[in-house]
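I opened my notebook to look at the inside of this protein.

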Amino acid sequence: GGGSGSCGASGGGAGCGSERLDGGGGGGVAPASRASSFGLLVMENVFAGHRVRRTFDLKGAQRAAAASEAEGEEDATEASRTFHDEELLRFTHQLPLFLEDGAKRLLAQCVWNDTLFLAKNNVMDYSLLLGLADRETADDIPDGGATLLRAAGAGGADGAGGCVLVVGVIDYVRQYTVDKLAETVVKTLYDPSHQPTVIEPALYKARFREAMDRYFMAVPSEYEHAPWAAVRRLASP
């Protein structure tokens, strides 16, 4: 893909890719010793088929480099941006997002299983991608690999009530190798008061689970206590 992109940009002919590799100026095939290869990973589109109003990339740690949400932004601009943990807390006024009890249990189970698998494979630096989608666009759409959660109320968030939360774990490709270990050490020495975003998988798993549990709170649904109400009516004189 790299050679054809260079040809398109420069307006060259069919041989421009090989010219860039071997520097010979001819149209021959590049020597094998100078050839390069790369891997390509294709991930699913978690939001496929959903009209998402706002997107959050949640890692369970606040990132100082994240841009703060500007006041007076247009809706189209907000829909195109991806916000982070600290911006979610501002959006919800430091309150969790309210979920129906069954949705909360489903989310907790998915987060627990996914993080257990990733930690066993020495993977960290993954995220929970959260999208606030219009309810009417999600009712008849299969969820695919994403998880659909029914929001139980606003939960302190302006416009979050009555919507569907589309979530999925993404960026699960980075193992805790020597370079990431060095990054952890350097950032810890530079700012000992803050835990770096990149930490060893077992600690990353624990922090991620704890944060997702704080960000989402279960509330009773309107059907939660219906059987008990019927029992009370039967038992009353």
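I started with phenylalanine 216. Leaving aside neighbours within four places in sequence, I found phenylalanine 216 in contact with Pro96, Leu97, Leu99, Lys104, Leu107, Leu128, Leu130 and Leu165. Contact means heavy atoms within 4.5 Å.

I noted the ground rules next. This is a predicted model, where local features need pLDDT of at least 70, side-chain atom pairs count only at pLDDT 80 or more, and totals for chains, interfaces and linings use all residues. Residues are numbered from 1 along each chain as its sequence is written, and side-chain values use heavy atoms, with hydrogens and water left out.

**Cores.** A nonpolar core is a set of buried Ala, Val, Leu, Ile, Met, Phe, Trp, Tyr and Cys residues joined through side-chain atoms within 4.5 Å. Buried means under 20% relative accessible area, exposed over 50%, and partly exposed in between, with a 1.4 Å probe and protein chains only. The largest core here has 32 residues. Leu130, Leu165, Met212 and Phe216 touch the most other members. Elements giving two or more residues to this core include β1 (52-58), β4 (127-133), β6 (164-170) and α8 (201-215). Helices (H or I, at least four residues) and strands (E, at least two) are DSSP runs, numbered from the N terminus. Which element gives the most to this core? It is α8, with five residues. I also logged a second, separate core of eight residues, with Val46, Phe47, Ala133 and Val166 among them.

**Ring pairs.** Rings of Phe, Tyr and Trp (its six-membered ring) pair if their centres lie within 6.5 Å; planes under 30 degrees apart count as stacked, over 60 as edge-to-face and the rest as tilted. I counted five aromatic pairs by this rule. Phenylalanine 56 and phenylalanine 83 make a tilted pair, 5.7 Å centre to centre with 40° between the planes. Phenylalanine 56 is in strand β1 and phenylalanine 83 in strand β2 (residues 82-83), so their pair ties together parts 27 residues apart in sequence. Phenylalanine 56 is buried at 0% relative accessibility. Phenylalanine 83 is buried at 0% too. Ring pairs link Phe56, Phe83 and Phe91 into a cluster.

Tyrosine 204 and phenylalanine 208 are stacked, 6.4 Å centre to centre with 15° between the planes. They are four residues apart in helix α8, so about one helical turn separates them.

**Charges over rings.** A charge sits over a ring if NZ of Lys or CZ of Arg is within 6 Å of the ring centre and within 35 degrees of the ring normal. The charged end of arginine 54 sits over the ring of phenylalanine 83, 5.5 Å from its centre. Arginine 209 lies over the face of tryptophan 112, 3.5 Å from the ring centre.
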